[in-house]
Amino acid sequence: MSKYLLEIGVEELPYKFIPMAISQLEAGFKAFLETNNVGYETIKVMATPRRLAVIIAGLANSQPDVEKVVKGPIATVAYDETKNLTPAGLGFAKKNNVEPADLYVQDNYLYAKISIKGKNTKDLLQENVPQIFAKLQGPHFMRWGNNDVKFSRPIRWVLSILDNEEIKIKIIDKESSNVTNGHRFSTQNIVINTPDEYLTKLREAHVIVDQDERKQRIIEVTQKEADNLNAVTKISDDLLEEVTFITEFPVAVTCDFDTAYLTIPQEVAVTVMETHQRYFALYSKEGKLINKFVTITNYIGNEYENIKAGNLRVIKARLDDAVFFFNEDTKKPLESYRENLKGMTFQKGMGSVYDKTERIAKLAEKLNPSATVRRTAELCKADLATNLVFEFTELQGFIGADYARVSGEAKEVQDGIREHYFPLNAESETARTIEGQIVGIADKIDTICAVFAAGKKPTGSSDPLGVRRAALGIIKTILEHNLTIDLSKLIDNALELLPIKSDCKKDVEEFFVQRLIIFLANDYKKEVLEACSAKNPCIDLCDYLARVKVVATINDSKLVENANRVLRILKEDVISQINPALFVLDAEKDLYNAIDKINFNGDYAKYLNDLIDLNPTVTKFFDDVLVMDKDEKIKNNRLALLNDLRKRYIILTDFSKLNV
């Protein structure tokens, strides 16, 4: 077994491209090896801003030899009357490199059994590696020099080694060698003799090639800096990944800034540090932001004063802007910014943001008429007209909450303004306060209905105004907080308030049901989710989930069989009323009495047990009773009885969609 190493040295890559390249290279090499039937154990793709590396371990030395039977021309064409090969037969033998004596006839056709020797892995790598690299895709590819081929950044060197042998390949305009380079400010022209020494030699040259190792180092050095200050850090996954892919040898440096900047909203300072400057903010043990942060640098050495001074200059300028905007904005109350929303368009044909706010307030009042909910709805978008939100758009809601505090608004209103945008993504928390929950749902349902009414419903490649995220936010908020909200009715109300009238309610409901099923698909079978959606889930999402949880436990095949037999007999609702006087057999009377005892009281688990207990009675009915009696009255009475039973079944689910 062999080990192969490929490294492509480049100018600094955009950090967003690097994870894409890792995934594409792994898929490309896997497809190449499997298509060519070359055995291997592992493929490890690693990357830094200045290199893409692939190490394949347990690599077979060649393809396996293959014996193959090849079908030739029909026997009467391959041989003449004297049983000698014709030109067609001789050509077939020559083409497949076999002796005429090795040919044979079967089913009146000429055949040859040929042995194909497997190609050497070295040759396969030389043929395929440049092609794998050429298939890499990403945004903003460029040309350099006289090359026609594009890539993300210019290539500076190529390293290609199989065990202890250099494998010559060419990537765009660079021939491979056995030489690589370390950190930009460390050792260069490093000779790699075997793949096994690659990671060690580069680590000695201040390059941690493995992104997982580099990521762990960032966490550790940052935590160490925080511990030295008796502080804590909150490292987000997105920021951690970005810092991982902009460094080769992470070194942590702690910097500080003036405590005066802590007077602005904490979220603003954190955004400046994390989003704009890629710093890790530090907090006290109590969770309050302190005037220190950790920056990760590629610097090699022990003198950090210039680094600290440079970072302080940058963050000071950004925080000075934030302080100025904060002071200017808070010279007047948050409510005064509502009027400015009239000049901000929500979306074409759907009025201004002010109009949207008015619609949100009306929808929220229908869900909860409390004064704090109403006030939250009125002010929820006011911060969009402030200078600070214009500068830090991602902080809408957070800034509004802080301005509401400065303006003397109730704590419930402050929290509601901040939380009505929650959840911010698929993993984040939902609103905790009823104000945030209700106003958030009203805001999101207005956006969704506006998009559908405008004829811009989402497709596979587009998600206008993030309506998929908005629908998921509504679903998560309702289910996590067990809210009783009739979404179907709320959709009616939202569509009625829009300036453009549209008959798209069914589309909106179907959209919600699809998002609901996708949201729950990791925990429940699709057939269960679809079976329970026969009764419109939008009417009560919590009721739907309660049914799903119980239906997912069904393992009684007799129950499903009986329910489906009833559903097959009754193609449509039966209008006839049950007349006990028309019962002829005891099985009819027994079923009637048993059905009459089954009543749903809100407990679906108990209700399922009641339906299971009914099985023997239903089975006996079908064994003893001919439903389609010749007497029309008796037949209709029996159908009415089964219709009553059907109603009991469909309270739980559509059994026709279940497989037990």
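What is the volume of the largest pocket? The largest pocket has about 1600 Å³. This is a predicted model, in which local features need pLDDT of at least 70 and side-chain atom pairs count only at pLDDT 80 or more, while totals for chains, interfaces and linings use all residues. Residues are numbered from 1 along each chain as its sequence is written, and side-chain values use heavy atoms, with hydrogens and water left out.

**View 1. Centre of the largest pocket.** Of the 42 residues that line the largest pocket, Glu394, Leu395, Phe398, Leu424 and Asn425 lie nearest its centre. A pocket is an open set of points on a 1 Å grid over the protein atoms alone where a 1.4 Å probe fits, with protein on both sides within 12 Å along at least five of seven lines; lining residues have an atom within 4 Å of a point. Points are joined across faces, edges and corners, and a volume is the space filled by probe spheres set on them.

**View 2. Make-up of the largest pocket's lining.** The lining of the largest pocket holds 15 nonpolar, twelve polar and 15 charged residues. Ala, Val, Leu, Ile, Met, Phe, Trp, Tyr, Cys and Pro count as nonpolar, Asp, Glu, Lys and Arg as charged, and the others, Gly among them, as polar. H8 gives the largest share of this lining, six residues. Helices are DSSP runs (H or I, at least four residues), numbered from the N terminus.

**View 3. The second largest pocket.** This pocket holds about 210 Å³ of space. Helix H1 (17-35) and helix H4 (121-134) each supply at least two lining residues, and the largest share, five residues, comes from H1. Four nonpolar, six polar and one charged residue make up the lining.
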